[in-house]
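Here are my notes for a colleague opening this entry for the first time. Please keep the sequence and the 3D view at hand while reading.

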Amino acid sequence: HKIQLQNMIVTYKEDGWHVVTQRSHGILAAQICTNWQVKDRPERWIETIIAIAEHDDAEVELDGENVLTPQGGPLNYDMKIFDLAHCEKLSTLTQTKNRYIALLTSLHMEFLYREEAVDNSVCRNFLKSQASLQDKWRKELKITEAESLRIYNLMEWCDAFSLLLCQNRLQPEKRKLEISTGPDKKMYYLLQISDETITVDPWPFKAKNFKVTFEYRVIKQLQFGSSADFRKAFLEAPVTEQIWNVSKQVSKKKKAKV
C-alpha cells in the first residue's frame, strides 16, 4: 500500500507507516545525479543538481489543513488535484534562484500536470504561461529546446529512480524494474542483487560503486483522530537512514570448451 501525503511518500508495512519527505526524496535524486557519467553531463552541472534536489520545495509537507483520509490514515496524494497557488509559488521561488533552475522546474511541472490540463482550464492556462516563459529563458540562456529536454530527461530519470527506492518498489529474485527513459532515450532498469546492493542496467554512472542514502520515519500508529495528531506523531517518530550500495555488475563470460 503506497500513498503520497502532501509531498510525502508513505508506504504501509508490518511495523507501521514508513514516511519519506519530499526533501529527503529530492536529496536522494541529487545523489544519484551526482554520479552520472561525466561525458553526458550538462554544462551547468551544479545548477542541474540543485534543480533536482529542490524541484518541489515550495510545499511544506505538514502545512496542509487536512492530511488524513476519512478513515484516519494518511491522505492519498492522488486525491490532490492541480494547485495553482502552489505551482505559482514554486515558479516564483525558482525564478529568484536563476532562470536555468526555473526552466527545469517549469518543465517538471509540465510533465506532472499535462494530462490534467486536458480537462482543467486553470491548469491549462498555467502551463501555457509556463511554455512562454520556457521559450524566453531558453533564448536568454542560449539553450535549444532539444538540449533543455535532454537535460530535463536526466532530471526526470533521477527523480523516478529516487521514487522507486523511497517507495521500496524493488522486485524479488533479481527481476528487472523499469526506471525511466534517460537523456540518451534508452530505457534503464533497476535490479536488487543483495540485501543492501542494487544495480542499474545499462550502467550510466562514472564510478563502478557508490552509496546513496535517504531518511525515513516509521509511525506505528495506523489511525489518527486529527491532522494535528498525525503531525505530532511524525515529528516524534525516530529517523532511520536507508543506505544502498549501487554497484556495476560485470557480466560473466562463458569459458570456451577445450
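This is a predicted model: local features need pLDDT of at least 70, side-chain atom pairs count only at pLDDT 80 or more; totals for chains, interfaces and linings use all residues.

1. **Overall make-up.** The protein chain has seven helices and eight strands. It runs to 258 residues, and 49% of them count as buried. Take the contacts in the chain with a separation of 6 or more: residues 24 or more positions apart account for 68% of them.

2. **Helix α4 against helix α6.** Start with how packed helices are described: by the angle between their axes and the distance between the axes. Helix α4 spans residues 99-117, and helix α6 spans residues 145-166. Their axes come within 10 Å and cross at roughly 65°. That angle falls in the 65 to 115 degree range, so α4 is roughly perpendicular to α6. The crossing is right-handed.

3. **Who makes the α4 and α6 contact.** From α4 come Y100, L103, L104, L107, H108 and F111. From α6 come S148, L149, I151, Y152, M155, E156 and D159. Sorted by class, this contact has nine nonpolar residues, two polar and two charged.

4. **Helix α2 against helix α6.** Helix α2 covers residues 45-53. The axes of α2 and α6 also come within 10 Å, with a crossing of roughly 40°. The two helices are therefore oblique to each other. This crossing, too, is right-handed.

5. **Who makes the α2 and α6 contact.** W45, T48, A51 and I52 take part from α2. I151, L154, M155 and C158 take part from α6. By class there are seven nonpolar residues, one polar and no charged ones. Look for I151 and M155 in the view: α6 uses them in its contact with α4 and in its contact with α2.

6. How many disulfides does the count come to? The count comes to zero. C123 shows the reasoning. A disulfide needs two cysteine sulfur atoms within 2.5 Å. The closest cysteine sulfur to that of C123 is in C87, 7.2 Å away, so the pair is too far apart for a bond.

7. **Cysteine burial.** Are C123 and C166 buried or exposed? The cut-off for buried is under 20% relative accessible area. C123 has 0% relative accessibility, so C123 counts as buried. C166 is at 7%, so C166 counts as buried too.

Conventions: Residues are numbered from 1 along each chain as its sequence is written. Side-chain values use heavy atoms; hydrogens and water are left out. Axes are lines fitted to C-alpha atoms, for helices over the stretch in contact, and angles run from 0 to 180 degrees between N-to-C directions. Helices (H or I, at least four residues) and strands (E, at least two) are DSSP runs, numbered from the N terminus. Angles under 35 degrees count as roughly parallel, over 145 as roughly antiparallel, 65 to 115 as roughly perpendicular and the rest as oblique. A crossing is left-handed if the near helix is turned anticlockwise from the far one by less than a right angle, and right-handed if clockwise. Contact means heavy atoms within 4.5 Å. Ala, Val, Leu, Ile, Met, Phe, Trp, Tyr, Cys and Pro count as nonpolar, Asp, Glu, Lys and Arg as charged, and the others, Gly among them, as polar. Buried means under 20% relative accessible area, exposed over 50%, partly exposed in between (1.4 Å probe, protein chains only).
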